[in-house]
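Please look over the model below before reading my comments.

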Amino acid sequence: MRFHVLTLFPEAFAQPLQFSIVARAVQRGQINIDVADIRDYTHDAHGTADDYQFGGGHGMVMKPEPVFEAAEATLSGYDAVILTTPQGELLTQKLVEELASSPAIAIICGHYAGVDERIAEGLATRPVSIGDYVLTGGELPAMIIIDAVTRLLPGVVGSPESVAGDSITTGLLQHPLYTRPAEFRGMTVPEVLLSGHHAEIDRWRRRKSLERTLEHRPDLLSTASLTNDDRRYLAG
Ligand code: ADE
């Protein structure tokens, strides 16, 4: 999978993607991350990439010319050209799965109050928001997209089961996890997990997932695939 990022802050990508699973995926050649500096495509001595809004209003707007020029100079054959923006489609595991099936993804990082609409109209094919809050820029959202997509690629995460069974992928929040020691500062691991009874353990995990989802994300229950047993449990 090729990722190509267009950003005003390429240095933001130097460290964060150089550890753990994403770094290993780069080393193994499973992914490739190219970062282009939009400011290299500006034409004045100050490297001006933003300007005032037509019509007035607070905040600067990213100019279209350097972004188009950066894209034209560095991108070819990209299925999805994502624009990170709070105005975009919400990033969900479903969208991550869809993105993971394309061989190459370009990501334009928005900045300032926003980007000139012609970038969204004429260049980006997919505006994406990572959540209903506003960040100072699109670099963290781009890294989140790269991270979430990378872990779905074949062979990136050790066991495929851990990806298939993870939170949200199943439609429910994940059950609690425990490791050794069995007792820590007076807090104990639920007995059932030490019992070796796989059917009982599965039942306990399913119920904990249901309880958590009901408590923190009841909206997910309307689309999760629930058994009659699940429904009875939720009904109390
Ligand atoms: N830029 C600023 N806030 C953002 C968000 N929530 N998602 C994507 N890009 C952003």
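The numbered points below take the ligand site and then the helix pair.

1. This is a predicted model, in which local features need pLDDT of at least 70 and side-chain atom pairs count only at pLDDT 80 or more, while totals for chains, interfaces and linings use all residues. Residues are numbered from 1 along each chain as its sequence is written, and side-chain values use heavy atoms, without hydrogens and water.

2. Around the ligand (a heavy atom within 4 Å) sit T84, T85, P86, V128, S129, I130, G131, Y133, V134, L135, G137 and P141. By class, seven are nonpolar, five polar and none charged; here Ala, Val, Leu, Ile, Met, Phe, Trp, Tyr, Cys and Pro count as nonpolar, Asp, Glu, Lys and Arg as charged, and the others, Gly among them, as polar.

3. β5 (80–90) and β8 (126–129) each give at least two residues to this shell. The largest share, three residues, is from β5. Strands are DSSP runs of E, at least two residues, and helices are runs of H or I, at least four, numbered from the N terminus.

4. Which polar backbone atom is 2.9 Å from a ligand nitrogen? That atom belongs to L135. For I130 the distance to a ligand nitrogen is 3.0 Å, and for a backbone N or O atom of T85 it is 3.2 Å.

5. The axes of α3 (residues 93–100) and α5 (residues 139–150) come within 9 Å and cross at roughly 75°. The two helices are therefore roughly perpendicular, a term for angles of 65 to 115 degrees. V96, L99 and A100 of α3 meet I145, A148 and V149 of α5, with contact meaning heavy atoms within 4.5 Å.

Methods
A polar contact is a pair of N or O atoms within 3.5 Å; within protein, one must be able to donate a hydrogen and the other to accept it, and residues adjacent in sequence count only if both atoms are side-chain atoms. Axes are lines fitted to C-alpha atoms, for helices over the stretch in contact, and angles run from 0 to 180 degrees between N-to-C directions. Angles under 35 degrees count as roughly parallel, over 145 as roughly antiparallel, 65 to 115 as roughly perpendicular and the rest as oblique.
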